[in-house]
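Work through the two exercises below with the structure open beside you, and try each task before you read its solution.

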Amino acid sequence: MKPSHKLLFVLCPMLVLGFIYYSSGKLHMHVWGQKPLYDKQGFLLKLDGQLPAELAYKYGNLSEGVCKPGYAAAKMTAIYPKFMKPAPMFLDRNFKRLAKVRNYLPPFGFKTQERIIDSILTATKNYGLGEDLDSLGCKRCIIVGNGGILANKSLGSRIDDYDIVVRLNEAPVTGFGKDVGTKTTMRITYPEGAIQKPERYEKDSLFVFSAFKPLDFKWLRQMVFKEKLRGTEGFWKSVARYVPREPTEMRILNPYFIQEAAFQFIGLPLNNGLMGKGNIPTLGTVAITMALHNCDEVVVAGFGYDMNMPHAPLHYYETVKMSAIKESWTHNISKEKEFLRKLVKANIITDLTNGI
Ligand SMILES: CC(=O)N[C@H]1[C@H]([C@H](O)[C@H](O)CO)O[C@](OP(=O)(O)OC[C@H]2O[C@@H](n3ccc(N)nc3=O)[C@H](O)[C@@H]2O)(C(=O)O)C[C@@H]1O
Ligand SMILES: CC(=O)N[C@@H]1[C@@H](O)[C@H](O[C@@H]2O[C@H](CO)[C@H](O)[C@H](O)[C@H]2O)[C@@H](CO)O[C@H]1O
């Protein structure tokens, strides 16, 4: 064999081995002798909440308490390299271009619902948060979960300090201001979760709709166009018959946040892309996912299902017990908690009530 051939003979396998070693690192594969850096979901295993050097440099000079532009997304990318920030909060007239959601049925996308969404969006005419909030250079958001842990903590005025206060389902404000605040920028909900008494809707808040099944869009159309509600069979619980909001105050939440939370962040079963047993994130986790893409800083309060306290109140506004969540077949509370704990541990979100 010629010396040059011999050299090639040695070099080729070395190149191949080198390539495999390199890509295994990139693909987060476990190589013998090398400890894995990332978990199954793609999150860094070693989470210590410390800022990577480049972020420490970027944010180091800002004084305490000042909003840090891009902070949540930058920290998220540091522990989850696959994170891609752009994902609009709400659907707008260009929604059909959203590649990640157009091939999934609700709740993971909008396939089959394009026409009804088009007609709803023609009436709502607005697709953002409103001029003032949209033009803010740095947005601090708080997601208020409905957990009983909020009771008697007097966090109301701290909650009201955020630029964007997100509330969920039918969680009341009136009578609970001291603990949960009085400001509501948006309330995210679905037909069965929506406030049923028109007088309980707070003024100046966006009604943000999150769809779980095709029937939900039909309901929304009737609410937007103020039609008499028809066809209530198919809902799993009684639903609101009238939503006292102008169409211009209504939005459709981008279903990408349900998809990403379920399949990428928590690792729930794909089930052929259909809603099934244990593959739906709770609405609060969907809201946190939305905030990671659209807020500069993300804070939460009122989160935590504590299975060691089965008799503790599930919600801050009623006496239903914590153990009631066990009946839910759609959620996987323990897997979801694993994900939320990663966010807290890495300091991506701050949990004011320490329930996560
Ligand atoms: C019977 C049932 O299906 N209950 C579900 C209820 C119910 O549909 C509504 O209250 C409307 O009646 O809605 C849910 O959620 P729910 O409306 O209870 O609460 C909103 C979000 O707050 C967080 N949470 C709540 C209680 C608690 N002890 N710890 C928490 O962390 C969760 O993130 C939760 O999403 C939902 O939509 O997700 C989740 C619940 O599973
Ligand atoms: C297809 C269908 O309507 N399924 C219902 C689920 O959506 C519903 O779960 C509930 O679905 C909601 C959305 O509609 C929320 O995700 C809520 O957290 C979750 O508990 C359960 C409640 O026990 O009943 C089934 O028949």
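The exercises that follow concern a predicted model, and each task is followed by a solution in steps.

**Exercise 1.** Find where Gly304 is placed along the chain, decide whether Gly304 counts as buried, partly exposed or exposed, and list what Gly304 touches beyond its sequence neighbours.

*Solution.* Next, take the relative accessibility of Gly304, which is 25%. Buried would require a value under 20%, and exposed a value over 50%, so Gly304 is classed as partly exposed. Then turn to the contacts: when residues up to four places away in sequence are left out, Gly304 touches Met322 and Gly355. Finally, compare sequence and space, for Gly304 and Ile356 are 52 residues apart along the chain, while their C-alpha atoms are separated by 5.0 Å.

**Exercise 2.** Locate ligand 2, name residues that surround ligand 2, and work out which side chains have a polar atom close enough to an oxygen atom of ligand 2 for a polar contact, taking the cut-off as 3.5 Å.

*Solution.* First, the location: ligand 2 sits in the largest pocket. Second, the surroundings: the residues around ligand 2 include Tyr190, Glu192, Phe212, Lys213, Met275 and Ile280, together with Trp236, Trp329, Thr330 and His331. Third, the distances from a side-chain N or O atom to an oxygen atom of ligand 2: for Trp236 the value is 3.1 Å, for Thr330 the value is 3.4 Å, and for a polar side-chain atom of His331 the value is 2.6 Å. Last, the cover: on its own ligand 2 has 540 Å² of accessible area, and the protein covers 70% of this area.

Conventions: Residues numbered from 1 in each chain as written. Chains lettered and ligands numbered in written order. Predicted model: local features only at pLDDT ≥ 70, side-chain atom pairs only at ≥ 80, totals over all residues. Heavy atoms only, no water. Buried < 20%, exposed > 50% of the residue type's maximum accessible area, 1.4 Å probe, protein only. Contact = heavy atoms within 4.5 Å. Near = heavy atom within 4 Å. Polar contact = N/O pair within 3.5 Å; in protein donor to acceptor, adjacent residues only side chain to side chain. Areas by Shrake-Rupley, 256 points an atom, 1.4 Å probe, with all protein chains shown as cover. 1 Å grid on protein atoms, 1.4 Å probe; cavity = no way out; pocket = protein on both sides within 12 Å on 5 of 7 lines; lining within 4 Å. Sits in = over half its atoms within 2 Å of the grid points.
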